[in-house]
Amino acid sequence: MEKTKAKIVKHKKKNVRIFPIYKMISWDLLFYFPIIFLFLTQVKGLTSAQVLFADAFYTLSNTFWQIPITRLVEKIGKKNSLIVGNILYSLSILAMIFMQSYYELLIIQFIYALGYSIKGICESNILYDSLPSSKKRGKVFSTIDGKSASYFYIFDAVSSIIAGVTFVINGYIPMILCFISCVVCTIISFKFKHTIINYSIVCQ
């Protein structure tokens, strides 16, 4: 039991070390938002109305997934759910690169909303669960999470500039860079460790 507890402590420390790097890349889609409207209208030939409706459909899909996602996370655990969420993110961007019709975009938005919902539930909870239980736990969490967010904003600003420049060269380049960042996030999510002793009950 002592060896098991020591292993769990080691796992928690590793999660805390990894989290800032993970959030810096994964908090939101990099390279994506500055150019996505132009990509869908100019590269894929969709109308502005179609793009706006697809955004509304994404919001509805996100709402739809909330209850099922909670049950999924409880069943397969936070780490495994996070991996699934990042895989769905990657597949959504890859599908958007190759999509040929507006109806394909709606399906992609439905899948993207599923990935977003999963990530939203799991990401911060993995950090919180990995911190030692104490009166300062909330403060430590806020500090680490805040620093991680600031790293993301810097990285996001740089990626936005790169997205704008590369879009002029080729509209697909920012989307490919976005897909690469999603794949990197997926790889990092595999590095997180379970932090519960009784694995048969629940994995976090």
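Of the 204 residues in this protein, 44% are buried, meaning that they have under 20% relative accessible area with a 1.4 Å probe, protein chains only. The model is a predicted one, in which local features need pLDDT of at least 70 and side-chain atom pairs count only at pLDDT 80 or more, while totals for chains, interfaces and linings use all residues. Residues are numbered from 1 along each chain as its sequence is written, and side-chain values use heavy atoms, leaving out hydrogens and water.

**Overall fold**
- You will find seven helices and zero strands here, where helices are DSSP runs of H or I with at least four residues, strands are E runs of at least two, and both are numbered from the N terminus.
- The protein is as compact as a globular protein of 204 residues, because its radius of gyration is 18 Å, close to the 17 Å of the globule rule; the radius is taken over C-alpha atoms, and the rule is 2.2 Å times the number of residues to the power 0.38.
- Along the principal axes, the C-alpha atoms fill a box of roughly 60 × 35 × 25 Å.

**The nonpolar core**
- The largest nonpolar core has 49 residues, and Leu40, Met96 and Met175 have the most contacts inside it; such a core is a set of buried Ala, Val, Leu, Ile, Met, Phe, Trp, Tyr and Cys residues joined through side-chain atoms within 4.5 Å.
- Helix 5 (102–129) is among the helices that each supply at least two residues of this core, and its 11 residues are the largest share.
- Not counting residues up to four places away in sequence, Met96 touches residues including Phe39, Leu40, Ile108 and Met175, a contact being heavy atoms within 4.5 Å.

Notes. Buried < 20%, exposed > 50% of the residue type's maximum accessible area, 1.4 Å probe, protein only.
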